[in-house]
Amino acid sequence: FGFLSESGAALLAVDRSALEVPDGETLELVGGDVSLTRNAALRAPGGDVRLEAQQQVGVAQSLVDVGRAEDTSGTISIRGGRIVIEKSSLVRAENESSAPARPGGSVEIEARNSVLVDASLLSLTTHGAGNAGAIDVASREITLRQGLAFDPLAAPQESPAGLRAETTSSGSGGEIRLRADD
């Protein structure tokens, strides 16, 4: 992405730990690879979380959350060569604002090579009068996969996996935009 040299960019790992910034602030992790594992949690209520890696951003069994109780959410930006969100991870910017027509947050994912969302959820649900935001995913290759628990022959049911931009109240649901091209 132009800000990291070819050498010297190290792994940045958050493992079984939580990082949180005050309301409206930014939490940014930048490295050669960025890894969130085993119940890692990044929280920036109403603020921004930015994960940027020269090679891979991996999120496994972890939480990235910019929601804020009784208010609008923030923005999540994940950029790298390869993005992998897996093993029941949750990436969410959920709007709980009671102010009508207030815009929600967003989730923006951009990878040079590929994006994999496997048995995990990217969510922009609104639970109030405010609107849900947008999920934007751009890469050469985008794969959304449920994982071993998925049964295509079973009756449809709610699943905590994939991409979700819906409403559970009076606010408008959000948009999901996928762009896979060379």
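**Close-up views of a predicted all-chain model**

The accessible surface of the chain comes to about 9100 Å², of which 46% belongs to carbon and sulfur atoms, with areas taken from the Shrake-Rupley method using a 1.4 Å probe and, for residues, only the protein chains shown as cover. The model is predicted, so that local features need pLDDT of at least 70 and side-chain atom pairs count only at pLDDT 80 or more, while totals for chains, interfaces and linings use all residues. Residues are numbered from 1 along each chain as its sequence is written, and side-chain values use heavy atoms, leaving out hydrogens and water.

**View 1. The open sheet of 6 strands.** Its order is β2-β5-β8-β10-β12-β15, with parallel pairing; strands are DSSP runs of E with at least two residues, numbered from the N terminus, and two of them pair if DSSP finds at least two bridges between them. β2 (18-20) and β15 (162-164) stand at the edges with a single partner strand each, so one side of each has no neighbour in the sheet.

**View 2. Pairing of β8 with β10.** Strand β8 (residues 63-65) runs parallel to strand β10 (residues 90-92) over 3 bridges, and Val64 has Val91 in β10 as its bridge partner.

**View 3. Leu178 in strand β16.** This strand covers residues 175-180, and Leu178 counts as partly exposed because its relative accessibility is 47%, the class between buried (under 20% relative accessible area) and exposed (over 50%), with a 1.4 Å probe and protein chains only. Buried residues make up 45% of the 182 residues in the chain.

How values were computed:
Helices (H or I, at least four residues) and strands (E, at least two) are DSSP runs, numbered from the N terminus.
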